Every structure is written in structure tokens, then in C-alpha cells.
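Reader: I have a model open on my screen. Walk me through how to read it, one feature at a time.

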Amino acid sequence: MNAQSKITVTFLPDNKSASVKPGVSLLEAVRKAGIVLPTRCGGKAGCMMCKVSVESTEQAALRPPAEAEKRKLGSLLDEGVRLACQAAVWGDVRVRIPEDPLKAAVRRRLEAARRGEAEELW
């Protein structure tokens, strides 16, 4: 096995990585990295729950979007959004996983509490 046979996919903001073979989907790489990314359709581009973001400078490391992904995402593709179940890796890439809405709400409350901001609970 030569050095080119493995690709490193790094997931932000947690900075977790997975080493995968070329052609593996980002969804498979996410799971290998031990990250939970929800999906209901089993990787068929049906539920759109596995959206991730990839910087424009990193897009060349992914297989170009196929028709199903283009139809589902439309103009979001221009903003670097991809479906993890459809985007296959061709080279080392950094991918941003969106923050879970519940975790985001908890994080905001904790940050407000640290700053001493009173927040109405009722």
C-alpha cells in the first residue's frame, strides 16, 4: 500500500480525522471518525440531513456533485454545502459539520452564564 492510497478527512469544529480510501463518501468517513451525523434515507440523497460545508479551496478534493445532489441542494452548492452521503473524497479535505441545534442552544446559554448575562427562563 503506497502513501497515496489513504486520504485524510478532517472534520471541524472538533478536529477529528479519519483515514479512508479514495472514493469513500464523506458519510462513511464521518462514521469512521466517530462523529454522529443524522440521516434518515440511508445515504440515498433523500432526507438532506447530512449537509456539510466545504471551503471553495477544498472542493477539488471531492467528486463533483451528481444530478441528485444538484437537484437537492441547488444554489447551496455555490455556498460550499454538500451532502455527506453523496460527496466522495479524492484527496485530503477539511469538512465542517453543522452544530446540532440543541447543543448550540445549550452552548449559547452556558456562554451567557459565563459572561454573567441574566437570561429569562420563564
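Reader: Where does Ala45 lie?

Author: Start with the ground rules. This is a predicted model, in which local features need pLDDT of at least 70, side-chain atom pairs count only at pLDDT 80 or more, and totals for chains, interfaces and linings use all residues. Residues are numbered from 1 along each chain as its sequence is written, and side-chain values use heavy atoms, with hydrogens and water left out. Next, elements: helices (H or I, at least four residues) and strands (E, at least two) are DSSP runs, numbered from the N terminus. Ala45 sits in the loop between helix H1 (26–32) and strand S3 (51–53).

Reader: Is Ala45 buried or exposed?

Author: Buried means under 20%, exposed over 50%, and partly exposed in between (1.4 Å probe, protein chains only). Ala45 has 5% relative accessibility, so it counts as buried. Its phi is positive, about 65 degrees, although Ala45 is not a glycine.

Reader: Which phi does Met48 have?

Author: A positive one, about 60 degrees, and Met48 is not a glycine. Met48 is also in the loop between H1 and S3. Its relative accessibility is 23%, so Met48 counts as partly exposed.

Reader: How many helices and strands does the protein chain have?

Author: Three helices and five strands. Read from the N terminus, the order is β-β-α-β-α-β-β-α. The C-alpha trace spans about 55 × 35 × 25 Å along its principal axes. Of the 122 residues, 34% count as buried.

Reader: What share of the contacts joins residues 24 or more positions apart?

Author: First the term. Contact means heavy atoms within 4.5 Å. Among contacts with a separation of 6 or more, residues 24 or more positions apart account for 57%.

Reader: Which residues does a cis peptide bond join?

Author: Leu12 and Pro13, with omega about 10 degrees. Pro13 is in the loop between S1 and strand S2 (16–20).

Reader: Now the holes. What is the volume of the largest pocket?

Author: On a 1 Å grid over the protein atoms alone, a cavity is a set of points where a 1.4 Å probe fits but cannot get out; a pocket is an open set with protein on both sides within 12 Å along at least five of seven lines; and lining residues have an atom within 4 Å of a point. Grid points are joined across faces, edges and corners, and a volume is the space filled by probe spheres set on the points. The largest pocket has a volume of about 440 Å³. Its lining has 18 residues, with Val36, Ile97, Pro98, Glu99 and Asp100 nearest its centre. Strand S1 (7–12) and helix H3 (101–114) are the elements that give two or more residues to that lining.

Reader: Which classes make up that lining?

Author: Ala, Val, Leu, Ile, Met, Phe, Trp, Tyr, Cys and Pro count as nonpolar, Asp, Glu, Lys and Arg as charged, and the others, Gly among them, as polar. The largest pocket has eleven nonpolar, one polar and six charged lining residues.

Reader: Which residues lie nearest the centre of the second largest pocket?

Author: Ser53, Val54, Glu55, Ser56 and Gly80, out of 13 lining residues. The volume of this pocket is about 180 Å³. Strand S5 (residues 93–96) gives the largest share of the lining, three residues.

Reader: Which residues line the largest cavity?

Author: Arg63, Pro64, Pro65, Ala66, Glu69 and Gln86. Its volume is about 30 Å³.
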